[in-house]
Amino acid sequence: MALLDDLADDKNFGTRTGPRCSACATLAKLPKDDQKALTARLADDGTTSAALARVLRANGFNVSGHTLARHRKGDCRNGA
Ligand SMILES: [Zn+2]
């Protein structure tokens, strides 16, 4: 089977299950301004995931640096 067929076949990928990525969940519940600022930080190469997680946790959001790193790579369950 050709790569194109394998990539087109949903059976090869299954369905995303389990809890939402907490970075995605946090983004979804933030007010627009906060969302914009966090999205900018996530896209900024100079901002480490660990530092960002510290700031988020200090503000009451339970997000780990590991989760943020995964989200930034697009490997989270909601990654598009
Ligand atoms: Zn995510």
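Me: What share of the contacts with a separation of 6 or more in the protein chain comes from residues 24 or more positions apart?

Reply: Two residues are in contact if their C-beta atoms, placed from the backbone, lie within 7 Å, and in the protein chain 53% of the contacts with a separation of 6 or more join residues 24 or more positions apart. This is a predicted model, in which local features need pLDDT of at least 70, side-chain atom pairs count only at pLDDT 80 or more, and totals for chains, interfaces and linings use all residues. Residues are numbered from 1 along each chain as its sequence is written.

Me: How many helices and strands does the protein chain have?

Reply: Helices (H or I, at least four residues) and strands (E, at least two) are DSSP runs, numbered from the N terminus; the protein chain has five helices and zero strands.

Me: Is Ala-50 buried or exposed?

Reply: A residue is buried if 20 or more other C-beta atoms lie within 10 Å of its own, exposed if 12 or fewer, and partly exposed in between, with C-beta atoms placed from the backbone. Ala-50, which has its place in helix α4, is exposed because 12 other C-beta atoms lie within 10 Å. Across the protein chain, buried residues make up 16% of the 80 residues, and in helix α3 one of the twelve residues is buried.

Me: Which residues is Cys-76 in contact with, leaving aside its neighbours within four places in sequence?

Reply: With those neighbours left aside, Cys-76 is in contact with Cys-21, Ala-23, Cys-24, Arg-70 and His-71.
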